Amino acid sequence: MDFLFVIGTPLAGALALIWLGAHRVAPVANVLFSLVTFAAACVLSVHVIAVGNLTFLHEQFFIDPLNVFLVALTALVGLTTSLFSRPYMRIEAEHRRVTPARLRLYHSMYQLFIATMLVALTTNNMGLMWVAMEAATLSTVLLVTLYQTPASLEAGWKYFILCGVGIAQALFGTILLYIAAEKVLGSQGVSALLWTHLDAVRHQLEPRVLSIAFVFLLVGYGTKAGLVPLHSWLPDAHAEGPTPISAVLSGLLLNVAIYAVVRCKVLVEGSLRSAWPSEMLMGFGLLSVVFASFCIWRQRDIKRLFAYSSIEHMGIIAFAFGMGGPVANFAALLHMTVHSLTKSAIFFAAGHAAQKSGSQSIDKIRGLVTISPTVGWGLMLGSLAILGLPPFGVFASEFLILTTAMRDHPWATPILLLAFGVAFAGIFARVQPMVFGDTTAKRLPHSPALIPVFVHLGIVLMLGLFIPPYLAHWYRAAARLIGGG
Amino acid sequence: MRSLHWFTQVLEVAAALAAAPLFHGWVNQCRAWLQNRSAPPLLQTYRGIRKLFYKDAVIAERASPLFRIAPYVVFATMLTAAAIIPSMGTRLPFSSSADAIALVGLFATARVFLALAAMDIGTAFGTLGARREMMVGFLAEPALLMVVFVASLISMTTSLPAISERLATQALTLSPSLAFTAVAFTMVLLAENGRIPIDNPATHLELTMIHEAMMLEYSARHLALMELAAALKLFNYACIGFALFIPWGTAMGGGGPGALLAAVPILGAKLAVAGAALAVIETVSAKLRVFRAPEFLATAFLFAVLGLLVH
Amino acid sequence: MTPVPFVMQLLNALAAMLLLLSFAMLAQRRVVTLVDLFALQGAVLCAATLLLAWRTGETNLYISAALTLALKVIVLPRLLHRLIRRLGVYWDTDPLLNIPGTMLVGLMIVVFAFGLAQPISALASTATRSAVGIAVAVILLAFLTMITRRKAMSQVVGFLSMENGLFFGAMSATYGMPMVVELGVALDVLVAMLVLGVFFFQIREQFDSLDLEELEARKEER
Amino acid sequence: MSLRIAGRTLFPLGAVCGLAVAVAAAMSMTMPPESMQLVIGLPDLPMHVRLDALSRVFLFLLGASSAGISIFAAGYFRSGQGTPPGLLCLEYHLFLASMGFVLLADDAYSFMVAWETMALTSYFLVTAQHRIAEIRQAGFLYLTMAHVGALAILLCFGVLQGGSWHFTFDAMRAAHLAPSWAAAAFLLALAGFGAKGGIVPLHVWLPEAHPAAPSPVSALMSGVMIKMAIYGMLRVSFDLLRGLDWRWGLVPVCLGLFSALYGIVFAAAQTDMKRLLAYSSIENIGILFTGLGLAMVFRGTGMPEYAALALLAVLYHSVNHAFMKSLLFLGTGSVLHSTGERNLGRLGGLIHRMPWVAWLTLVGALAIAGLPPLNGFVSEWLLLQAFLYAHAVPHSFVNMLLPLGAGVVALVAALSGYVMVKFFGVVFLGSPREPSLASAQDAGVMERIGLAWLALGCVLLGLLPAQIIPALARVAAELHVGVLPDSAAPWWMLTPLNNGQASYAPVVFAAAVLACVLLAILAVRLLYHRRVRRAPPWDCGFGGLNWRMQDTAEGFGQPIRHLFTPFFAMRRELPSAFDSAPTYRVVIGDRIWHAVYEPLGPLVESVAGVCARVQQGRISLYLLYALITLCTLLALVL
């Protein structure tokens with residue numbers, strides 16, 4: 001029942017919000033639907049902790065430690081983002097950047113987007129997962145182009161085409177997976193695409209087909225995850241959409257894509273009994289980390305800057321999953337959590353900063369601490385957190401990843417460290433003048449409601465110092481599930 | 001025996017205080033002779049100092065207390081230094097509380113106070129003198145320390161009387177390291193005491209003066225103390241030289257009152273010779289440009305280091 | 001070597017036609033013709049699906065064929081034609097790589113695709129050795145088409161052609177995917193087309209053209 | 001504003017806490033190490049804390065010097081531009097707490113957390129006046145260097161665990177490293193902690209960040225924070241790292257000596273008083289690293305007593321420097337507050353206006369110049385004593401060259417005298433160089449207490465080393481570096497090796513000098529007269545004296561610039577003979593900055609440019625990347 005609520009609430013929300021349109025209660029309804037989703041996700045998590053893995057709807061959906069924590073995370077960030085979007089979009093509407101009709105689209109698509117992500121996370125059917133991923137792309141394409149500016153249209157177009165093509169590769173990968181599975185599981189019924197069934201027989205799957213399938217899947221979902229060199233759409237899409245959408249794209253969608261890759265990796269490695277899928281992931285990861293760190297130095301747009309930082313962090317996560325093993329998987333899951341919390345917090349703060357300054361250009365944003373201390377400190381602390389400075393949680397996961405890398409792949413450590421150093425200097429050099437420094441702008445009469453930012457940063461801070469035992473238990477179980485290494 | 005040691009200690013300090021102006025006068029006399037001038041009386045230094053003590057002190061309006069304290073501090077450090085250096089006997093009760101390194105530190109303290117006092121009034125000459133003094137000092141001090149260090153390495157102690165004793169009891173061989181350091185020490189002595197070729201105590205030429213530039217604003221008793229301190233410094237340096245390079249003749253550990261008695265004339269003789277030698281050096285060498293002073297001192301430092309290397 | 005049954009030979013022929021059409025699309029510069037070729041490709045795909053359905057008797061495949069016919073032969077081409085008329089984009093400018101060069105690359109891709117398909121065909125349900133290879137080739141050729149085009153419209157047609165390749169691959173190797181998936185995929189394609197339609201109008205409104213060169217402003221400073 | 005009142009009460013409270021920490025650390029010196037596990041931390045690696053002699057020494061240093069600084073800060077921070085005082089107060093105390101936690105941490109994770117929190121909070125403190133662009137740049141440089149250094153430390157811990165993959169310090173103590181890995185760990189630690197401490201060539205942030213910070217923060221950073229680098233270095237080299245070849249000890253010796261010389265030479269050339277002090281910190285860190293390296297060499301070559309002596313010198317100098325450098329920075333803070341000037345060229349004569357600050361700062365200046373009987377001399381003395389045994393190292397070249405280090409140390413000590421005369425003389429003596437200085441006010445009560453506390457520390461540490469050394473010697477014993485023999489000397493006598501070779505009794509010594517001073521004063525008064533006349537300065541009778549005739553800071557540093565020309569990248573603007581308004585300007589640059597750091601930015605930029613080339617907006621190209629990636633991976637798989 002709780003599961004149906006998790007999936008159903010946002011779907012119902014999407015429909016209801018189409019009906020509500022630009023009514024003034026629409027933002028509140030948006031928050032309420034997100035709240036119900038979050039509550040249902042919490043209940044579901046408790047349920048799963050209590051009874052273990054669950055399946056629903058003829059095994060089409062299932063919940064295990066790996067996806068339940070992502071479901072909870074998605075619901076949480078979905079809730080806080082909706083909270084953030086309420087005042088933010090109101091100001092945008094006041095500035096006449098969005099029309100009421102567009103606002104209707106925005107709210108409805110927002111819920112739909114959350115729904116697709118939740119489906120992608122909870123589905124047991126690899127085909128359905130693909131469908132949900134594609135639906136996630138489609139529901140956000142029009143959100144990216146919400147402002148109808150040339151830049152946003154261009155970004156939306158690239159997002160659509162590149163992700164569409166990418167995801168088509170994933171479909172072919174899924175087909176190949178099906179071909180291989182069919183031989184083992186038989187084509188009767190639909191069990192041949194159910195992950196739980198595939199996982200059970202993964203050692204019998206034909207390795208050569210599976211390896212080709214994995215390449216297609218990796219390229220496909222990797223495009224969505226923004227792994228270099230498939231990342232090209234990401235900076236544009238994240239920079240040009242409305243900030244709440246940037247926050248969920250960066251904070252959640254990338255996670256879901258990585259999740260899909262990891263699910264596939266588990267199957268393929270089981271079949272292959274060789275490490276090259278891991279090596280591929282590590283290669284993508286390293287390339288992303290290095291490339292994004294250097295690209296950061298060229299950024300003049302605040303959201304683009306953090307979009308590249310997302311690429312970097314996806315690289316770190318991919319690298320960690322590639323290394324495999326309990327510690328690295330644990331760290332990667334932790335990193336997914338803290339990254340999505342921190343990055344969405346940063347986007348919230350950055351969105352407000354850009355809104356106050358009337359521009360997303362880094363050169364135009366100055367002296368935030370003076371204009372609005374909460375925005376300034378939110379951006380500063382968020383940036384420091386994402387740069388991996390303790391005591392924030394990002395450091396905890398990076399610490400684990402680095403130490404594991406030292407053990408298993410010493411050659412990669414200097415590369416990672418170099419990239420961290422470069423990224424640090426790059427981001428910090430841009431954030432500091434935005435937050436500090438002189439400004440001609442007046443101090444704002446009211447400080448923006450940035451509770452979500454500080455809630456996120458608070459959780460991240462806590463995770464850096466103390467990981468609650470049940471959470472650790474959860475991560476461990478998920479890490480075991482992924483295995484590898 | 002202990003009382004003898006205490007007596008030696010008091011005697012040394014008293015002798016230093018009494019003989020320093022004399023030594024100063026002796027050097028001046030020798031120099032005058034060598035330069036075919038009519039020499040001032042041997043006791044001229046005493047007379048000058050006495051005269052100064054009787055005069056009214058004139059102090060610049062904007063002088064701070066530091067300016068008035070400095071002469072006493074400088075004088076006191078020199079006197080304390082005299083108590084450490086084994087000029088007549090090596091069993092000095094006080095010397096265990098300050099070794100050769102502390103001695104160098106003591107000289108540095110005096111120099112710093114001197115320089116600070118010179119800067120206090122804010123005259124062009126004062127700061128110029130202070131700067132030059134510190135320039136000379138920062139090279140002379142390590143050179144002196146290296147000299148002491150070489151001696152310490154040879155005798156494996158930093159206590160000056162102990163060094164002196166050990167060097168005196170060694171066979172009379174010319175250790176090359178000591179030879180180098182002796183040269184270095186002589187150069188440091190010249191520089192630290194405002195002697196030609198670094199400074200000329202007899203001139204007030206602004207282009208070249210160092211020590212005198214710092215004294216310009218002092219008068220009367222303060223100047224007297226400064227002059228006395230300068231004389232004491234020269235005396236102390238001479239005694240350090242004796243302790244390190246010609247330690248023979250001082251009353252060593254085993255010696256009783258007789259040895260001490262013998263040490264007094266021997267010290268006098270050493271001083272006489274050293275004063276004459278100093279005068280000779282000053283006469284035969286020309287004053288260097290101020291900018292050449294670092295080269296001179298760097299050479300001294302180098303010699304000391306060479307002494308360390310050949311040890 | 002056992003003689004290949006007639007139905008299979010027919011299927012092979014249809015597959016070959018798909019490939020041929022892909023090449024034709026690669027070489028075609030006129031957008032209207034491109035859409036026609038796409039519709040033709042859809043028809044061939046539909047025929048192949050029907051053939052396979054008839055041979056295997058799978059009802060799934062009949063539904064697939066119907067979907068293909070409705071979507072790719074009738075709805076989408078008409079939609080595209082209408083868009084072309086409304087937007088007035090009949091021609092693509094010169095492709096980024098000249099046609100012979102493109103063909104050469106396309107040929108290499110086909111070789112690569114066939115090599116790639118070998119282990120898959122070994123596992124495939126149907127006896128058509130070349131079908132999977134052709135599916136891969138169609139996908140990659142569509143990829144190439146998208147790369148070499150300068151108009152948004154042609155790129156979309158390339159994209160749809162890629163979808164055709166995927167469909168053919170799924171069908172020829174496994175008699176189609178599970179129904180849930182297939183319906184989902186079809187829905188996605190349809191929605192994608194709707195989104196695209198909206199897109200085109202938005203783009204044209206903003207840029208007065210559907211030239212992709214207008215869409216190259218978001219980039220890093222060198 | 002209530003925040004300010006909170007700051008006024010919180011800072012003294014912090015001072016009391018600091019004092020309590022210092023007292024507790026001092027009292028517990030003789031106790032065995034205690035350790036504990038906290039509930040927080042990573043799931044597999046809960047935070048471990050441990051209190052041993054080494055931590056206690058540094059906790060004492062932290063507590064005692066921060067007590068004075070906090071009291072001073074209570075009077076110092078006022079609201080104005082930049083970070084509000086309430087927030088500053090929070091950051092300040094977080095900074096203190098993180099330093100305390102660095103000393104307690106007993107596993108890599110908690111150490112890194114504390115270490116980076118320390119960097120972070122101090123960064124925020126440095127950029128308190130964030131409206132000034134230079135300060136922002138300084139902060140950026142500082143945090144970047146700190147972060148890069150922290151990465152090196154992290155790597156170092158990664159090597160140190162030696163295959164056990166446990167990151168507690170206990171596991172590292174138990175690990176056996178191959179000599180090459182030990183060397184790697186050591187060099188990484190040297191780079192990481194060296195970057196924090198400001199060892200040349202990783203020093204560039206220090207002269208920027210320390211002047212930028214508010215003075216109490218500069219004092220904490222220079223006095224205490226860079227000692228954390230020494231602590232870390234000691235912890236790694238003497239506690240965690242086993243099996244390192246002794247020759248590696250020569251690396252910190254050489255680096256340290258070079259840093260010391262480099263720092264002090266640059267200090268002599270500075271015209272900004274806080275920069276001058278910052279460079280002097282580089283010098284002192286250099287001396288500390290020298291001692292550390294020396295101790296390593298002695299330990300490795302089987303001379304535990306001498307190793308203990310050298311270690312003692314390091315510890316003592318750390319404590320000393322904490323007091324004297326804090327004192328000096330606070331002194332500059334008071335000057336800065338009442339005059340608004342940091343530039344030496346616009347100060348002067350403040351001893352009349354600010355006697356308290358002047359005299360207390362003089363104590364610090366004399367102490368840092370290494371003059372007896374103050375504390376700077378004691379540690380210099382100990383270090384030179386240690387160098388005296390360097391010739392016993394059983395290696396033909398090393399035993400010849402190592403004693404030369406003593407020469408460099410001596411040169412550096414003498415130069416620091418030069419620098420301090422310049423510093424004190426130009427700021428406090430002479431006549432004011434600006435008319436506005438006439439309105440300068442002396443420091444407030446709180447500030448005076450803070451300064452006096454630190455000055456008292458300098459004096460006591462100078463006079464009572466014999467009481468403090470046994471406590472410090474416990475560190476050497478506990479780390480198995482070496483045990484110093486029990487002293488048979490009376491309480492006032494410092495005889496570290498107890499072999500009659502060297503002794504120093506500062507109390508007697510100071511009493512003697514003081515007695516001489518008093519006797520001289522008394523004698524002069526009794527025998528002669530006390531008549532004093534005030535008159536305009538004589539100045540050789542030239543007359544027309546004004547403040548512009550004094551040496552400027554540039555002028556005072558000129559001999560050093562002249563002598564050490566190769567060190568500097570100098571840019572001079574000389575007046576020509578026909579200038580109507582002749583100006584002279586000299587800008588001193590750091591060659592290392594120009595050679596190493598300046599090209600780094602463009603280098604990264606150019607690589608970034610190559611990366612940017614990939615991202616040129618063309619969707620066809622992006623698709624091509626995808627196709628190539630796909631085909632490449634497929635080709636790899638086949």
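User: In this predicted model, which two chains have the most contacts, and what makes two residues count as a contact?

Analyst: Two residues are in contact if their C-beta atoms lie within 7 Å. By that rule, chains B and D have the most contacts among the four pairs of chains that touch. Their contact takes 66 residues from chain D and 67 residues from chain B.

User: Which part of chain D gives the most to the side that touches chain B?

Analyst: That's α17(D), with twelve residues. Other elements giving two or more residues there include α15 (375-388), α20 (506-527) and β3 (532-535) of chain D.

User: How many nonpolar, polar and charged residues does that side of chain D have?

Analyst: The side of chain D that touches chain B has 47 nonpolar, 14 polar and five charged residues.

User: How do you know that strand β1 of chain B and β3(D) count as paired?

Analyst: Two strands pair if DSSP finds at least two bridges between them. Here four bridges join β1 (residues 57-60) of chain B to β3(D), and the strands run parallel. Four against a cut-off of two, so they pair. If you want a spot to look at, B:Ala57 stands opposite D:Val532.

User: What does chain D use to touch chain A?

Analyst: Helices α4 (108-126), α5 (133-160), α23 (600-614) and α24 (619-637) of chain D each supply at least two residues. The contact takes 42 residues from chain D and 49 residues from chain A. The largest share of chain D's side, eleven residues, comes from α5(D). By class, that side has 29 nonpolar, nine polar and four charged residues.

User: How do you know that chain A and chain B don't touch?

Analyst: Look at the gap: their nearest C-alpha atoms are 40 Å apart, while a contact needs C-beta atoms within 7 Å. Chain B and chain C have no contact either, with their closest C-alpha atoms 53 Å apart.

User: Why does the radius of gyration of chain A agree with a compact globule?

Analyst: Because a compact globule with 485 residues would have a radius of gyration near 23 Å, and chain A has 21 Å, which agrees. The C-alpha atoms of chain A fill a box of roughly 70 × 55 × 45 Å along the principal axes.

User: What makes a residue of chain A "buried", and what share counts as that?

Analyst: A residue is buried if 20 or more other C-beta atoms lie within 10 Å of its own. In chain A, 72% of the 485 residues count as buried. The secondary structure of chain A comes to 19 helices and two strands.

Methods:
Residues are numbered from 1 along each chain as its sequence is written. Chains are lettered from A and ligands numbered from 1 in the order in which they are written. This is a predicted model: local features need pLDDT of at least 70, side-chain atom pairs count only at pLDDT 80 or more; totals for chains, interfaces and linings use all residues. Ala, Val, Leu, Ile, Met, Phe, Trp, Tyr, Cys and Pro count as nonpolar, Asp, Glu, Lys and Arg as charged, and the others, Gly among them, as polar. The radius of gyration is taken over C-alpha atoms; the globule rule is 2.2 Å times the number of residues to the power 0.38. A residue is buried if 20 or more other C-beta atoms lie within 10 Å of its own, exposed if 12 or fewer, and partly exposed in between; C-beta atoms are placed from the backbone.
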